[in-house]
Amino acid sequence: MNPRGSHPARPDTDGDRTDLDRQLDEAIFTFADIQEDLNYKQAKDSLRHLLATLDLTPEERAGLEGEIESLGTMLDKLEESIVQIAAFGMVGRGKSSLLNALLGQNLFETGPLHGVTQSAQGANWRIDRAPLAGGDGEIAQVTLTATSGNALVELIDTPGIDEVDGDTREALAREVAASADLILFAIAGDLTKVEYDALSQLREAGKPILLVFNKIDQYPEADALAIYEKIRDERVKELLSPEEIVMAAAAPLTAEAIRRPDGTRTVQMKRGAPQVDALKLKILEILDREGKSLVALNTLLYAGTVNEQIVERKMQIRDRSANRIIWNAVMTKALAIALNPLTVVDVLSGAAIDVATILTLSRLYGIPMTQTGAVDLLQKIAIGMGGIGASELLATLGLSSLKGLLGAATVGTGGAALVPYLSVALTQGSVAGFSSYGIGQVTKAYLANGASWGNDGPKAVVSRIIASLDETSIMGRIKEELREKLSARRG
């Protein structure tokens, strides 16, 4: 990642270049630095704002702790300028050895058996940067230490993509790949179909990838070069450019002649010095070219994916809560209308319950609304509902009068009018309840859309939602629950 003013100097190919030309180059480099810093700051500000405005209730937060924690981790990554490099590959390709070679010490577990890396492992790698001694500044020298430096790189090792319990490990690999800024895909020979498929999936993540042909020490030089060219020109031509393929030998074995105690000689294989300089320089080149911007973009992409999961879960929970609120309002209104013989009181109590429902739903979705605003919204919905609103009004006016007469006659007829009274009350209550259900569902859709009708307008939205409701089923359920409640009251 470029510290201010650390751009490599370019060779002066024109001896007649003027000071103005050089100043222009410096101005361009400075502008690029400023733009990179602005992108980085914007990413941090966006992530801070996202965390500060999650707006989750305790119920919604439950079960999302991991996702929320990952957003905090990504913010820490930005705050500390961390670049994450993840190593992938099949078992036995030397992923852990590659990372150890980059670190200069054996922090990642390696061994002769398959499946040594059972879960993702991480280690910090600080980069000390300086111009290459004796060079023209075109290439920077990289020193791997664990003490000081101005860029903190986190190396991540992952299990083999072909190991037992592959589904779980591939899911882990996808999760790490989503947050990684650079991917090292290790192979140890010609590409297999499993490797090609995995490489294609990782390519879809849109992250920079370096294909590392490791263990080249196990081949004669001509054979290693032939395999490299086959991979470059045929296997991954559609996935990677030649600049994204590197050869390495993370833990090379060299033959050494030794003398036995009896004086005879034999050959013993010993570990040689890692051959990873080309890989180190390629990583440094990527960090030089797009370090901060790369981290900023990847962090925001990952945060966006996590935020989508949180929003989806939040809306699912709120939808269930909203449906409970709506149904409670439906039964409250249906029971109130069924029990009340006074027409004027029926109309007023029904409207009051609908307004209270709208206000309760607005609080659930975190959208401030006054009682006046709720009344205005109820009027818009009622106009959009058209026939249903008229049916409820007619049922309330007509059936309330009939219900009042039957109620009065119940005493004079010795209870004979009670059966028709209950039938009228059930009908009136179910009509009112269905109207309240429609109002609640429309309100929920309006609030879930950020208190907006969208491009269609209120009438179209209301008509679409009402048309989607199963009137027979809903009114049947209302009547059944209402009958049970009325029977319980009579008892």
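**Cores and surface of the predicted chain**

Of the 491 residues in the protein chain, 43% are buried. The protein chain contains 14 helices and nine strands. Where contacts in the chain link residues at least 6 apart in sequence, 74% of them join residues at least 24 apart.

The largest nonpolar core comprises 42 residues, and Leu184, Leu279 and Ile283 are those with the most contacts inside it. At least two residues of this core come from each of helix 1 (19-52), helix 3 (65-79), helix 4 (95-103) and helix 8 (277-339), and likewise from each of strand 1 (82-89), strand 4 (151-157), strand 5 (182-187) and strand 6 (209-213). Helix 8 makes the greatest contribution to this core, supplying eleven residues. When neighbours within four places in sequence are set aside, the contacts of Leu184 are Ile85, Ala86, Ala87, Phe88, Leu99, Leu102, Leu210, Val212, Leu279 and Ile283. Another core, of 40 residues, lies apart from the one described above; Leu359, Leu469, Leu482 and Leu486 are among its members.

Leu253, Val267 and Met269 make a nonpolar surface patch of about 280 Å².

Note on methods: Residues numbered from 1 in each chain as written. Predicted model: local features only at pLDDT ≥ 70, side-chain atom pairs only at ≥ 80, totals over all residues. Heavy atoms only, no water. Core = buried A, V, L, I, M, F, W, Y, C linked by side-chain atoms within 4.5 Å. Buried < 20%, exposed > 50% of the residue type's maximum accessible area, 1.4 Å probe, protein only. Helix = DSSP H or I, 4+ residues; strand = E, 2+ residues; numbered from the N terminus. Contact = heavy atoms within 4.5 Å. Patch = residues over 30% accessible without salt bridge, like charges linked within 9 Å, V, L, I, M, F, W, Y side chains within 5 Å. Areas by Shrake-Rupley, 256 points an atom, 1.4 Å probe, with all protein chains shown as cover. Salt bridge = Lys/Arg side-chain N within 4 Å of Asp/Glu carboxyl O.
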